[in-house]
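Come along and follow each entry with the structure beside you.

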Amino acid sequence: MDDWSTGSYELTAAQLAPVATVVIDAVEPVAGRTVLDLACGTGNASLEAASRGALVTGIDPAARLLEVARGRAEEAGVEAEWIEGDFHSLPFEDDSFEIVTSVFGVIFGANEDDIAAEIARVLEPSGRLALTTWVDTGTMSRVGALIRAAVEETTDLPPADRPRFEWGEEDELRFLFANHGLSVQTEMRQIAFEADSPQAMSDEWADHHPVWLATREAVGEQRYERLRAEIVEKLEAGNEDPSAMRLTSDYLVVTGSPV
């Protein structure tokens with residue numbers, strides 16, 4: 001996985017904050033309930049749940065992001081427990097939580113089967129799950145494809161031993177979680193990203209986002225600069241606001257519970 005402590009992911013997290021409200025709305029009531037927020041990052045969903053009276057634990061492998069989350073919790077006057085750890089192998093007993101959430105977090109994990117198994121293990125039999133996944137359509141998806149292509153053509157990584165899991169495919173999600181005793185449903189939603197221009201949007205991602213910074217290290221400066229130009233072209237083609245920059249992306253809200 002990429003090192004999400006690098007860069008300034010909190011800039012992107014601030015843009016994604018409305019999704020945290022959608023996720024916690026999907027698992028109400030949360031007051032007095034134990035909530036585990038997987039790949040919690042800077043704490044968007046954790047803080048939203050805690051502000052509604054939930055007993056929240058946020059776990060993430062990125063120590064710096066947890067420090068940001070801890071500081072935000074102090075500023076907001078809410079309590080949560082923050083744990084640095086791997087969400088593929090959770091440090092909790094079976095049936096430990098009434099609610100499990102993740103906002104565009106676990107989708108970046110290395111093994112979706114391990115993640116689903118751990119969610120099923122720590123979730124109480126009457127528990128509830130809500131997470132979000134990107135849908136592989138639109139401009140954002142095309143930008144991601146450019147990044148993957150640049151890495152593949154520049155590095156000597158061996159071929160993947162299995163296909164990339166499609167987190168945005170409803171049938172794939174149902175099959176994945178059903179294998180671990182969870183029944184899930186999906187709902188399509190949208191979120192808009194805005195900037196002063198396509199160039200400004202690209203520059204913010206390229207200079208601050210952990211995935212982009214990892215790509216820069218992998219492909220080298222020369223290929224990275226070409227990639228940035230290619231991405232600006234994609235953003236210009238998909239721009240919904242001729243006077244600035246607006247990009248609407250589809251995502252799935254995945255909700256469910258043990259069968």
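Entry 1. I looked up Arg 246 and found its side chain in a salt bridge with Glu 194, at 2.6 Å from N to O. I noted the rule: a salt bridge is a side-chain nitrogen of Lys or Arg within 4 Å of a carboxyl oxygen of Asp or Glu. This pair links distant parts of the chain, since Arg 246 is in strand S7 (residues 245-258) and Glu 194 is in strand S6 (residues 182-195), 52 residues apart. Helices (H or I, at least four residues) and strands (E, at least two) are DSSP runs, numbered from the N terminus. Arg 246 is partly exposed, at 31% relative accessible area. My scale is this: buried is under 20% relative accessible area, exposed is over 50%, and partly exposed is in between (1.4 Å probe, protein chains only).

Entry 2. I reminded myself that this is a predicted model, where local features need pLDDT of at least 70, side-chain atom pairs count only at pLDDT 80 or more, and totals for chains, interfaces and linings use all residues. Residues are numbered from 1 along each chain as its sequence is written, and side-chain values use heavy atoms, leaving out hydrogens and water.

Entry 3. Next I checked helix H4 (residues 112-122), where Glu 118 and Arg 121 sit three residues apart, about one turn of the helix. They form a salt bridge, with the closest N and O atoms 2.9 Å apart. Glu 118 is buried at 11%, whereas Arg 121 is partly exposed at 22%.

Entry 4. I also found Arg 164 and Glu 166 in a salt bridge at 3.9 Å, N to O. Arg 164 is partly exposed at 45%, and Glu 166 is partly exposed at 26%.

Entry 5. How many salt bridges does the rule give? I wrote down 18.
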